[in-house]
Amino acid sequence: MGASRGPRLSGMQKQVLSLYRGFLRAARAKSAEDRQQIESLVSSEFRRNAKEVDRKNFLYIEYLLRRARKQLDQLRSPDIVGLSALNVSFSQTKHPTN
Amino acid sequence: MAAISGASSISLRSSPPRSHQNLALSRTNGLRSISLSDHGRNSLSFGLQQRSVHLSVSCAAKPETVEKVCTIVRKQLALPDDSAVTGESKFAALGADSLDTVEIVMGLEEEFGISVEEDSAQSIATVQDAADLIEKLIEKNKA
């Protein structure tokens with residue numbers, strides 16, 4: 001990743017970075033408290049996916065990109081004040097057997 | 001000599017026995033400048049467009065801008081205040097990934113009240129690159 005003139009990025013990586021930038025920009029328009037919350041949430045989400053998602057899993061990455069674009073569109077609206085995350089644990093759920 | 005930022009550069013080198021001349025043609029952001037240097041002792045450069053003269057001046061960012069960028073980079077990467085961050089420091093070498101780099105650029109935007117375009121934001125690799133770009137943008141805002 002370390003070329004002397006900036007890292008060489010794939011088209012998909014550029015899209016991700018562009019989205020990340022978009023989210024941080026959108027967060028600027030919110031109140032200081034909400035902004036902080038949005039930033040930490042967005043940052044952890046991007047970092048988590050960067051770490052956990054297989055870089056070859058294009059289908060899933062495409063899905064995440066689409067989802068993020070929709071979320072960003074919503075976040076850009078002045079009516080939206082903040083973001084929140086829901087932590088659902090799947091450890092207890094049993095797959096139905098039929 | 002004038003710095004060439006990214007774009008294509010062609011350099012021709014002809015070396016006759018007596019006058020060792022170095023001719024470099026560079027094209028930067030649509031501006032053209034030609035510089036000739038003889039034995040590296042004296043160099044003369046002239047621009048085909050008037051503005052390119054200023055271009056060579058604005059290439060080296062002021063030390064205080066570089067220092068300010070270093071401070072922001074330290075803050076953004078949560079590095080200790082006494083850590084060695086200089087103009088030559090590469091973001092990647094400081095432990096920044098591409099997401100960190102985006103954050104740094106966003107932080108710089110706010111600090112300096114500028115707006116960095118996406119294309120240029122991705123070509124920044126060192127603190128010096130960032131400082132140069134900032135000065136260029138501030139200059140553009142003034143004009």
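## Basis of the description

The model is predicted, and local features need pLDDT of at least 70, side-chain atom pairs count only at pLDDT 80 or more, while totals for chains, interfaces and linings use all residues. Residues are numbered from 1 along each chain as its sequence is written, and chains are lettered from A and ligands numbered from 1 in the order in which they are written.

## Chain A

The secondary structure of chain A comes to three helices and zero strands, where helices (H or I, at least four residues) and strands (E, at least two) are DSSP runs numbered from the N terminus. Of its 98 residues, 14% count as buried, a residue being buried if 20 or more other C-beta atoms, placed from the backbone, lie within 10 Å of its own.

H1(A) and H2(A) pack at an angle of about 170°, with their axes 9 Å apart; axes are lines fitted to C-alpha atoms, for helices over the stretch in contact, and angles run from 0 to 180 degrees between N-to-C directions. The two helices H1(A) and H2(A) are therefore roughly antiparallel to each other, a label for angles over 145 degrees, whereas those under 35 count as roughly parallel, 65 to 115 as roughly perpendicular and the rest as oblique. Tyr20(A), Phe23(A), Leu24(A), Ala27(A) and Arg28(A) of H1(A) meet residues of H2(A) that include Ile38(A), Val42(A) and Phe46(A), contact requiring C-beta atoms, placed from the backbone, within 7 Å.

## A helix pair in chain B

In chain B, the axes of helix H2 (residues 63-76) and helix H3 (residues 98-112) come within 10 Å and cross at roughly 130°, and H2(B) and H3(B) are therefore oblique to each other. On the H2(B) side, Val69(B), Ile72(B), Val73(B) and Gln76(B) take part, and they meet residues of H3(B), among them Ile104(B), Gly107(B) and Leu108(B).

## The largest nonpolar core

The largest nonpolar core has 33 residues, and those with the most contacts inside it are Val69(B), Leu108(B), Val127(B) and Ala130(B); such a core is a set of buried Ala, Val, Leu, Ile, Met, Phe, Trp, Tyr and Cys residues joined through C-beta atoms within 7 Å. Helix H1 (11-28) and helix H2 (32-52) of chain A, together with H2, H3 and helix H5 (127-142) of chain B, each supply at least two residues of this core, and H1(A) gives the most, with seven residues.

Leaving aside its neighbours within four places in sequence, Val127(B) is in contact with residues including Val66(B), Val69(B), Cys70(B) and Val73(B).

Terms used
Contact = placed C-beta atoms within 7 Å. Buried ≥ 20, exposed ≤ 12 C-beta atoms within 10 Å, placed from the backbone.
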